[in-house]
Amino acid sequence: MASLHLVDPGTLDGVGVGDTVTLDGPEGRHAVSVARVRVGEALRIADGRGTVVAGTVASTGRDELTLTVDAVTVEPAPRPALVLVQALAKGGRDEMAVQAATEIGVDRIVPWAATRSVSRWDGAKVEKGRARWAAIAQEAAKQAVRSRVPEVDAPVTTAQLASSSGVGPSSGVGQEARRALVVLDPVGAVRLSAWEPPADVDEIVLVVGPEGGIDSAEFDRLERAGAVRVRLGDTVLRTSTAGPAALAVLQTRLGRW
């Protein structure tokens, strides 16, 4: 498989077979100086939103290269989308979850300021933390050769998570998106492997608590919002691994794996 490089959304709009595309900036520098891409090599460039161009490297410079486009494909967004609501956690465990979830195929990531989250994003930390997660997701998408990079939303509170508008309008289907809300609970009565994903939802929202677990009041509030409490198995996983493990189960249940 030809290597994949990511460019900003919109960069590939209107590009067709026979056109040339320039890869510059950090991606172009990495391709030429680190990956040692040479003229004549096959390459793929994606915009992170599903558009992929494939072609042959026509020329290289110090920090850029040009690609002659041989094919253009647009991969549709999966439905239902898989959304990971990951509680903020200490020790970088939340970042580990973001990386693995992206590799597994999550479509959107929402940071959650849970009651028991030790880590807190306040003031300037809010955008800094979101940007950090977004950068991790982009690098993981490149590693996994994904044409779509998961969006990373601004952090939400439990009240926002339980609201009828879902976890934000950036899902691409608006605030009226139909969702299935699934909350991981080590003692949940239903196994995730036995849970039947609804056929008429736009997104499955998977909620993962922090290292201290989800507070009982939060469980109650989410259940009143229609959430289903599910467990993975008989063992308790860390917050860094619970989300990715659950996403793998959902990918299988949806027939994608």
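The model is predicted, so local features need pLDDT of at least 70 and side-chain atom pairs count only at pLDDT 80 or more, while totals for chains, interfaces and linings use all residues. Residues are numbered from 1 along each chain as its sequence is written, and side-chain values use heavy atoms, with hydrogens and water left out.

**Stop 1: helix α1**

Select residues 25-34, helix α1. Helices (H or I, at least four residues) and strands (E, at least two) are DSSP runs, numbered from the N terminus. Color E27, G28, A31 and V32, which are buried; buried means under 20% relative accessible area, exposed over 50%, and partly exposed in between (1.4 Å probe, protein chains only). These residues cover an arc of only 115° around the axis, which puts them on the same side of α1. The arc is that of the directions from the helix axis to the C-beta atoms. Just after the helix, R36 has a positive phi of about 60°.

**Stop 2: the largest nonpolar core**

Next, select I204 and L206. Of the 27 residues in the largest nonpolar core, these two touch the most other members. A nonpolar core is a set of buried Ala, Val, Leu, Ile, Met, Phe, Trp, Tyr and Cys residues joined through side-chain atoms within 4.5 Å. The largest share of this core, 4 residues, comes from α6. Around L206, look for its contacts, including V83, V182, G243 and L247. Apart from this core lies another, of 17 residues, with V110, A162, V205 and A227 among them.

**Stop 3: helix α5**

Move to residues 216-224, helix α5, and pick out the buried E218, F219 and L222. Seen down the axis, the buried residues of α5 fall within an arc of 100°, so they line one face of the helix. Their packing partners are β7 (108-112), α4 (158-162), β9, β11 and β12 (228-231).

**Stop 4: L232**

Which loop holds L232? L232 lies in the loop between β12 and α6, and at 27% relative accessibility this residue counts as partly exposed. Among the residues in contact with L232, leaving aside neighbours within four places in sequence, are L184, R191, A242 and V249.

**Stop 5: salt bridges**

The structure holds 14 salt bridges, each a side-chain nitrogen of Lys or Arg within 4 Å of a carboxyl oxygen of Asp or Glu. Select E203 and R108, whose closest N and O atoms are 3.1 Å apart. E203 lies in strand β11 and R108 in strand β7, so the pair ties together parts that are 95 residues apart in sequence. E203 is buried, with a relative accessible area of 3%, and R108 is buried with a relative accessible area of 3%.

Then show D202 and R178, a salt bridge with the closest N and O atoms 3.4 Å apart. D202 counts as buried at 15% relative accessibility, whereas R178 is partly exposed at 43%. To finish, return to E27 from the first stop: E27, E139 and K142 are linked in a network of salt bridges.

Definitions and conventions:
Contact means heavy atoms within 4.5 Å.
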